[in-house]
Amino acid sequence: MLGDNELADLRRQLEILVAKPLISLVMPVYNPQADDLQRAIASVQAQVYPHWELCICDDASPGTQTRMLLEALAREDSRIRLAFHVENRHISHATNTAIGLVQGEYIAFLDHDDELRPHALLCAVQMFVKYPELKVLYSDEDKIDQFGARFDPYFKPNFNLGLLRSHNYMCHFAVYHRSLMDQLNGLRPGFEGAQDYDLALRAVDAVGPHAIGHVPKVLYHWRTATGSTASGHGNKNYAFEAGRRALSEHLQRRGISGQVEEAPEASGMYRIRWQLPDKAPLVSIIIPTRNGHDILRQCLDSLMQTRYSHYEVIVVDNGSDDPAVLELLSQREQIGQIKVLRDDSPFNFSALNNRAVREVARGEFVLLMNNDIEITHPEWLDEMVGPAMEPGVGCVGARLWYPDGRLQHAGVILVCGVAGHAHKLLHRGQHGYMGRAVLAQDFVAVTAACLLVRKSIFNEVDGLDPSLAVAFNDVDFCLRVHQAGYRNHWTPYAELIHHESVSRGYEDTPEKQRRFKGEIDILQSRWAALLRNDPCYNPNLTAEAEDFSLAWPPRVHLTDLSVQ
């Protein structure tokens, strides 16, 4: 419930809106529980924003109770408009019939047993007024049970194509510009169970990311009931298959070769198996090192099991003086496994990699790799090259594990003052927040412990910044790639072990700590806006940890103006 002060603040925001378009809510109805239907309609009538119409199509509900209830409600409120099917035609047809009733500039979707928050329409209109280029809008959501208890909030990222290809995270509350809905011809019959997913995928293909907005507030309560999709993704197998077909057609529209399968660690969600071209692109794997015989040997030995065959390995030897290491490098160079670039300058991770890319790397792609990486899955490089080949993709990162089986890297989120590893230390088998530890998705950054990027993009942003000699050079690099208009991607299907800091060590001396603080200062001054609002995270989640826990105290307040 909203308090009097909160409602007063919202009404003041309503008064200052420079435009107040009509919002048309569409609701397909079939054999609902009367109490649920009444609560859904009451949640529309309780909206702070009054300029709406509710367009309902009853899809031939059995008996007369539903029709009688709807007609009674429509007599009491002229903003409720009704249509009735004489025979059951399923949800896509019913929704399209409801869309045929609309008169508004924007079309919003509401299921017959769900509920809106009182400020849902106001927030939507604020966004459309503030960002007139928007054609699609979605919000955060939670679930509500039969007793009205709310739970399981889903605080979502801004538009995230990689995550959308893993599951329909956009879902509720969805609002579309009417012109776009006309262009898409509404919902497509034949995709029942995933009709909203198919609509979202067709919409993002039609308008592009700049036209898709996100309100980081819970505006929609998804009611759970036995057998409902909200109760569990595994409840409707036909819905999964319809979504798989919708995603497959999305890939075809974009000219992407790949097969859609069920995500191996997330029932009911999706995984793309990328199809590589017959002539796979050359990948230059760059490994800076200094001494550390055992860890380097392990890295080089494990690379031999890589299934992807078209790669070269460039070891940048930064002043090794251990005879065993020098012998190892000489031996591996003689048999053709590696090329060695000798650089005896003071350690600077950025400068070492930049020189290797500039002077030695021949590949269309370069892969930055720490010498403490161990390959454990032969297909790891195939799984990174696949998404990296899509136009518009910048950096691609892998899922890295500590030797003890805990998660080291599943994408970078901008928390803890600068950056942290999403879901760090999660145990194998745990899914993380809303499955995000096991689903392919986009992040603003990934770690250079194993980072793949086109050489042309590396050069376009001038490589790594040598002023960041040790820490955060990968984060800064990825943020510059992001700033250049590319999306950085993380895949859980490229799995490796990371024996982190075995070579470099820790920030355990005053000199190292001063250098580390200086690198933090550079990031905080250079990327202040992104650090305040990571588009691949959510401001309702904590900025103080890497575990996707809820922010406390809240970082977003009910009556804040909507932000994209």
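This is a predicted model: local features need pLDDT of at least 70, side-chain atom pairs count only at pLDDT 80 or more; totals for chains, interfaces and linings use all residues.
User: At what angle do helix 2 and helix 3 pack?
Analyst: Helix 2 (residues 34-45) and helix 3 (residues 65-76) pack at about 25°. Their axes are 11 Å apart. Helices here are DSSP runs (H or I, at least four residues), and strands are too (E, at least two), numbered from the N terminus. Axes are lines fitted to C-alpha atoms, for helices over the stretch in contact, and angles run from 0 to 180 degrees between N-to-C directions.

User: Roughly parallel or roughly antiparallel, then?
Analyst: That angle makes helix 2 roughly parallel to helix 3. Angles under 35 degrees count as roughly parallel, over 145 as roughly antiparallel, 65 to 115 as roughly perpendicular and the rest as oblique.

User: Which residues meet there?
Analyst: A34, L37, Q38 and I41 in helix 2 meet Q65, T66, L69, L70 and L73 in helix 3. Contact means heavy atoms within 4.5 Å. The contact residues divide into six nonpolar, three polar and no charged. Nonpolar covers Ala, Val, Leu, Ile, Met, Phe, Trp, Tyr, Cys and Pro; charged covers Asp, Glu, Lys and Arg; the others, Gly among them, are polar.

User: New topic. Which residues are buried in helix 10?
Analyst: In helix 10 (residues 293-303), I295, L296, C299, L300, S302 and L303 are buried. Buried means under 20% relative accessible area, exposed over 50%, partly exposed in between (1.4 Å probe, protein chains only).

User: Why are they on the same side of helix 10?
Analyst: Because they cover an arc of only 165° around the axis. The arc is that of the directions from the helix axis to the C-beta atoms.

User: What covers them?
Analyst: The cover includes strand 12 (283-289), helix 11 (323-334) and helix 13 (380-388), among others.

User: Is T95 buried or exposed?
Analyst: T95 is buried, with a relative accessible area of 2%. T95 sits in helix 4 (residues 90-99). Not counting residues up to four places away in sequence, T95 touches V26, P28, F109 and L187.

User: And where is N31?
Analyst: N31 is in the loop between strand 1 (23-29) and helix 2. N31 is partly exposed, at 43% relative accessible area. Leaving out residues up to four places away in sequence, N31 touches S61, P62 and T66.

Conventions: Residues are numbered from 1 along each chain as its sequence is written. Side-chain values use heavy atoms; hydrogens and water are left out.
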